Amino acid sequence: MQLAKRDLRFYWKLFSSTFTLSAFTFGGGYVIIPLMRKKFVQQYHWLEEDEMLDLTAIAQSSPGPIAVNAAIIIGYRLAGMLGALVAIAGTVLPPLIILSVISLFYQAFRANQVVANVLRGMQAGVAAVIVDVTVTMGWGVAKEKNILSILMMAAAFVATYVFNVNVAFIVLACGLIGFLCFRQKKSGEVSK
């Protein structure tokens, strides 16, 4: 894939976007994904909706924090290795700075009832954002009207919440099914 030549303004915009998203996002990677989608798909038009969905799936199934994985993949997709490094720096610096400051004042934060109440209240906001991600991404899969994808999504939900199957096994099974479908599709194209 040939990447367009990027200037310093682009890299600054990528860094400041990932830095801001990371700095003001509480609740982990599932919260930052819809914000990345809004920024990079809807506002900047750097990615297409389907592409963001695919990048999210890859980030989710890769080992490590989903926010960092998504930053690496999006940065690399937009500007190669340098884009990945810039996006990683923008994503990792805010938590590093915040945790460094908190560690200096840990005892004061630990005993402060106001801080405890604020964090407890943030849990409701995080839950709402996760529900939004689930509905948005689920609707994206349903809009494609691909029966296999819809069945896999439903089966993954049932396997996780009803049968308590480890998510790693579900990701591997869905990856295997996707690979087999890809192979079948490619072999069908070759035989034509």
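1. The crossing of helices α1 and α4 is right-handed, a hand assigned when the near helix is turned clockwise from the far one by less than a right angle, with helices taken as DSSP runs of H or I, at least four residues, numbered from the N terminus. In this predicted model, local features need pLDDT of at least 70 and side-chain atom pairs count only at pLDDT 80 or more, whereas totals for chains, interfaces and linings use all residues. Residues are numbered from 1 along each chain as its sequence is written, and side-chain values use heavy atoms, with hydrogens and water left out.

2. The axes of α1 and α4 come within 8 Å and cross at roughly 35°, the axes being lines fitted to C-alpha atoms over the stretch in contact, with angles from 0 to 180 degrees between N-to-C directions. By class, this contact of α1 with α4 has 16 nonpolar, six polar and no charged residues, where Ala, Val, Leu, Ile, Met, Phe, Trp, Tyr, Cys and Pro count as nonpolar, Asp, Glu, Lys and Arg as charged, and the others, Gly among them, as polar.

3. The largest nonpolar core has 25 residues, of which L14, M36, F40, L47 and I74 touch the most other members; such a core is a set of buried Ala, Val, Leu, Ile, Met, Phe, Trp, Tyr and Cys residues joined through side-chain atoms within 4.5 Å. At least two residues of this core come from each of α1 (8-23), α2 (29-43), α3 (49-61) and α4 (66-104), and α4 gives the most, with 10 residues.

4. S17, placed in helix α1, is buried, with a relative accessible area of 4% (buried means under 20%, with a 1.4 Å probe and protein chains only). Leaving aside neighbours within four places in sequence, S17 is in contact (heavy atoms within 4.5 Å) with K39, F40 and Y44.

Conventions
Buried < 20%, exposed > 50% of the residue type's maximum accessible area, 1.4 Å probe, protein only.
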